[in-house]
Amino acid sequence: MEQAANYKIEQFRQRYIGYQLMADALLAGGTALILGSLLYELLPAQAIWLAILIFLLVIGLLAALRRPWNTTVATVCSFLDFSYPELEESSALVIKPTGNLNLLERLQVSKVEQALNHITAPPPQFTQRLKKAAWLFLLALALSAAVLKIGEMMHFANNILSGPYETGTKSNLPPEKILPQIDGVSLKISPPAYTGKATRTQDKFTIEAEEGAVVTWNISTNIAVKNVWLIFNEREKLPLNGTNATDWKAQRLISRSGFYQVSIDGKLSDLYQVQVVKDALPVIRIKTPKQYTHIDAGEAPRVTISSTVTDDYGINNAQIFATIAKGSGESVKFKDTTFSFNASFSQHGKQYNLQRTIDLPKLNMEPGDELYFYIQAQDTHQQKTRTDVLIVSIQDTAQLLSMDGLVAAANIKPEYFRSQRQIILDTERLLKEKDTISVASFKTRSNDIGTDQKMLRLRYGKFLGDEDESGTEGDDNAELGKAENFGDAKMVMDAYTDKHDNAEDATFLEPTVKAQLKATLNEMWKAELRLRLYKPQEALPFEYKALRLLKDLQQKSRSFVAKTSYNPPPLKPEKRLSGDLTKIGSPVNQLTMKAATDRFETLKKAAAILEQSKHQALTAADKRTLQLAGQQLAVQASAQPGVYLKAVSAIRRILATNKPVQATDRMTVEKAIQKSLPTSKTIPSSAATNADMGLAQRYYKNLNR
């Protein structure tokens, strides 16, 4: 009995060790799944072996740290005592030698052995860690599946973006049907040199080639034939030269999409698609600068041009074309110049990140001058793309500080403009006298100029409804302290609230003027901040920009009315009030309107004939109409073979047989006709009335009685 109890406790110990090892394996498996799915996106070939290596490393690390095989029998007994009260915390007595037990312990051992016989399930602590590891493994499995799915979707999207002509071209076509006389075909496609692609071969008639590629056909027949032709778009014929009666060869430059057929001794094959991949234009994206850039006083007179140029086959060159405008009015002069980027295009890469810094003083540009430039890129196919024109101007401080136009025009706020001008003059004078005055005097004058800037900012803030920053209360508020005014809500509201809803207090500025005025206050605030920090050199650009914005506001407030004059023709007194209307004739306009011919009439008739073919056979007139419709679809198939080529083949099968029209061919042609027809415009019409057998009308008559 004692040996059976010891054996059962040992079984519990081995089971505990097994559970811990299984938990470590699940944790290692979950870690390997997540890391393996991430590595699959980078190294798909080695991802499986790396995942196995990660599993082995993690499980080895966990086992070395936890060492479940070192679990003793005493530990298992403690788990048993904690989980099963019937053992009376005496399971450890079973593993002691019998000779070391007293009488009471022997009696207790007999009770414990009987209790152990009734215990079949291990303690819950044994499987607690295993359950957590199982949930973590399931979570890792779901995460790895999501990562792989997202990666697959990203690869699919990249394939669509990188090769828009490779999807939906061959997969939408049925298997090629070739003439029984043809034993084999080999097409060699030689892309043009600008693509940088190698020559490739295929054993299919369907062609998908780059624009300007040279295609060579090598057709072998199983019998001797006399003539082999290639018919392109039902118009052009290309004869094949035969080295013998069974081997034929031809070559053609492919420049546009369409379809073609193989003719062997007058027998025509099925229609084969020719899809041309056109070379896309280079794409230029400008990062810096903005469309319009102003360089204010104090800012570095240079501009950094940063852009990204991409192309599907490669970039050959990229340049900056600039025009410098000097002077103003009739004395303006222009000078053209060209800048190159500091990059080599000899490798003809598909993407370049280009950057060039232009120093404006080196171009002899002065305040008031403007620089107009654009970027032009050229790909390996000699196709060019250019951006919009960007403008960089250097602010003319002399013109900005001048009082021209302020006294002659409508001077709405002249003292405000002169105040900002005076702040700039004081700041420049302070910077000029910086080396001749003390540090304390310099800081005091800088702080005083900042105070003047603050007062000017608050004065302009009134136009936007900003609050006063003084924080003082008026004398009228003393009335609130009187006893007779206690609880007067109206007086309290009048004293401490802002009446923004009053028409007298509201601002009547246009949204654009308010936005520019807010930008002006923002520049004033930046200038004031730097003046308070004793940095007048940094405040000067913001002061100039605030003055420029203010001057623009005044220019916008002007209104100009051109002087007009009217010189009426001289009157003839002898004809006044005579009533002679003989020389006045009524104008007669005659216009003959002809009804415009509907070029889609044949396609509409063909659609109706196909719909009627479900119930009746085609007549000779119906086949003639379908033949004309097939010619129109063939013209569209030459431009879009992937859309209309199936319909052309289907309509030919319909015309070639006298049997009832197949449902698949009819649906294919009808879909192509629907795509060809223009969308009909919705015409307004009266609402349709329900057929109520005149009940509503009789009810209305009864109401009128």
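Me: Before we start, what should I keep in mind about numbering and confidence?
Reply: Residues are numbered from 1 along each chain as its sequence is written, and side-chain values use heavy atoms, with hydrogens and water left out. Since the model is predicted, local features need pLDDT of at least 70 and side-chain atom pairs count only at pLDDT 80 or more, while totals for chains, interfaces and linings use all residues.

Me: How many helices and strands are there in the chain?
Reply: Helices (H or I, at least four residues) and strands (E, at least two) are DSSP runs, numbered from the N terminus. Here the chain has 16 helices and 20 strands.

Me: What share of the residues is buried?
Reply: Buried means under 20% relative accessible area, exposed means over 50%, and partly exposed is in between (1.4 Å probe, protein chains only). Of the 705 residues in the chain, 34% are buried.

Me: And what do the contacts say about residues at least 24 apart?
Reply: Contact means heavy atoms within 4.5 Å. Taking contacts in the chain between residues at least 6 apart in sequence, 67% join residues at least 24 apart.

Me: Which residues of H13 and H14 make the contact?
Reply: On the H13 side they include Leu626, Leu633 and Ala637, and on the H14 side they include Tyr644, Val648 and Ile651. By class, this contact of H13 with H14 has 14 nonpolar, four polar and one charged residues. The classes work like this: Ala, Val, Leu, Ile, Met, Phe, Trp, Tyr, Cys and Pro count as nonpolar, Asp, Glu, Lys and Arg as charged, and the others, Gly among them, as polar.

Me: How do H14 and H15 cross?
Reply: The axes of helix H14 (residues 641-656) and helix H15 (residues 663-676) come within 8 Å and cross at roughly 130°, so H14 and H15 are oblique to each other. Among the residues that meet are Tyr644, Ala647 and Ile651 in H14, with Thr668, Val669 and Ala672 among those in H15. The contact of H14 with H15 has eight nonpolar, two polar and four charged residues by class.

Me: On to rings. How many aromatic pairs are there?
Reply: A pair of aromatic rings is described by the distance of the centres and the angle of the planes. Rings of Phe, Tyr and Trp (its six-membered ring) pair if their centres lie within 6.5 Å; planes under 30 degrees apart count as stacked, over 60 as edge-to-face and the rest as tilted. By this rule the count is eight aromatic pairs. In one of them, tyrosine 194 and tyrosine 313 have ring centres 5.8 Å apart and planes at 75°, so the pair is edge-to-face. Tyrosine 194 lies in the loop between strand E1 (182-190) and strand E2 (200-202), and tyrosine 313 in the loop between strand E14 (302-310) and strand E15 (315-326), so the pair ties together parts that are 119 residues apart in sequence. Tyrosine 194 is buried at 12% relative accessibility, and tyrosine 313 is buried too, at 11%.

Me: What about tryptophan 217 and phenylalanine 232?
Reply: Their ring centres are 5.9 Å apart and their planes at 65°, so this pair is edge-to-face. Tryptophan 217 sits in strand E4 (residues 213-221) and phenylalanine 232 in strand E5 (residues 228-232), so the pair ties together parts that are 15 residues apart in sequence. Tryptophan 217 and phenylalanine 232 are both buried. With Phe205, Tyr260 and Tyr272, Trp217 and Phe232 form one aromatic cluster.

Me: Now the backbone. Where is the cis peptide bond?
Reply: The cis bond joins threonine 288 and proline 289, with omega about 0°. Proline 289 is in the loop between strand E12 (283-288) and strand E13 (292-295).

Me: What is the phi of glutamate 234?
Reply: Glutamate 234 has a positive phi of about 60° although it is not a glycine. Its place is the loop between E5 and strand E6 (236-239), and glutamate 234 is partly exposed at 38%.

Conventions. Axes fitted to C-alpha atoms, helices over the stretch in contact; angles between N-to-C directions. Parallel < 35°, antiparallel > 145°, perpendicular 65-115°, else oblique.
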